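Welcome, and thanks for taking a look at this one with me. Below are a few points to guide your eye through the charged pairs and one of the strands.

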Amino acid sequence: MITVTAAPFAGLDGPSAYAVWKLRQDVFVVEQACPYPDLDGRDDEPDTRHVLLRDDALPGARGLLGYARVLDDGPSWRIGRVAVARAARGRGLADHLMNTALEVSQGRDVVLNAQSPLTGWYASFGFEVDGVAFLEDGIPHVPMRLSR
């Protein structure tokens with residue numbers, strides 16, 4: 001059974017936190033070859049929400065299929081660290097992540113930095129390009145905004 005939950009840092013148990021950091025490391029640091037400080041001090045902020053997509057039939061870290069982080073950036077919410085495990089891609093599961101991330105980010109605009117090939121996917125949720133393209137860790141990105 002596939003489930004999606006959103007929780008503050010304090011709501012993550014040890015195995016869930018481990019699974020989140022392992023998935024982020026596997027996708028962003030190893031797969032995309034971007035050594036960067038993933039643990040940036042924002043995971044444990046009081047208003048941060050961690051969106052976890054799980055297959056409850058799989059044990060431990062293998063059960064975490066996807067993840068997104070929602071940050072309180074003052075006048076807007078920021079969605080980032082959107083990742084789906086390689087084995088789970090191509091099944092539309094990321095849509096569930098984004099829908100839940102948008103549900104927990106009510107009342108204000110939402111911003112994100114999309115990897116350029118994904119701008120069309122983010123646009124399907126109402127995001128629009130909101131600035132000039134830039135390189136982050138050698139990967140082209142585009143700032144996007146969902147105006148509310």
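1. Two strands pair if DSSP finds at least two bridges between them. Please keep in mind that this is a predicted model. With that in hand, have a look at β7 and β8: they form a hairpin with two residues between them. In the turn sits D137, with a positive phi of about 55°.

2. Strand β7 (residues 134-136) runs antiparallel to β8, and three bridges join the two.

3. What other strands does β8 pair with? Strand β5 (residues 109-115) pairs with β8 in the antiparallel sense, over six bridges. Here L112 stands opposite M144 of β8. Strand β6 (residues 128-129) also runs antiparallel to β8, joined by two bridges, and E128 has R145 as its bridge partner there.

4. Now to the charges. Side chains of opposite charge can pair when their charged atoms come close. The count for this model is 15 salt bridges. One of them joins E31 and R86, with the closest N and O atoms 3.6 Å apart. E31 belongs to helix α1 (residues 14-31) and R86 to the loop between β4 (76-84) and α2 (93-103), so this pair ties together parts that lie 55 residues apart in sequence. E31 counts as partly exposed at 31% relative accessibility, whereas R86 is exposed at 57%.

5. Next, find R81 and D40, whose side chains meet in a salt bridge at 3.2 Å, N to O. This pair also links distant parts of the chain: R81 is in strand β4 and D40 in the loop between α1 and β2 (49-55), 41 residues apart. R81 is buried, with a relative accessible area of 17%, while D40 is partly exposed at 34%.

6. A further salt bridge is formed by D73 and R42, with 2.9 Å between the closest N and O atoms. D73 lies in the loop between β3 (64-72) and β4, and R42 in the loop between α1 and β2, 31 residues apart. Both count as partly exposed: D73 at 26% relative accessibility and R42 at 21%.

Technical notes:
Residues numbered from 1 in each chain as written. Predicted model: local features only at pLDDT ≥ 70, side-chain atom pairs only at ≥ 80, totals over all residues. Heavy atoms only, no water. Salt bridge = Lys/Arg side-chain N within 4 Å of Asp/Glu carboxyl O. Helix = DSSP H or I, 4+ residues; strand = E, 2+ residues; numbered from the N terminus. Buried < 20%, exposed > 50% of the residue type's maximum accessible area, 1.4 Å probe, protein only.
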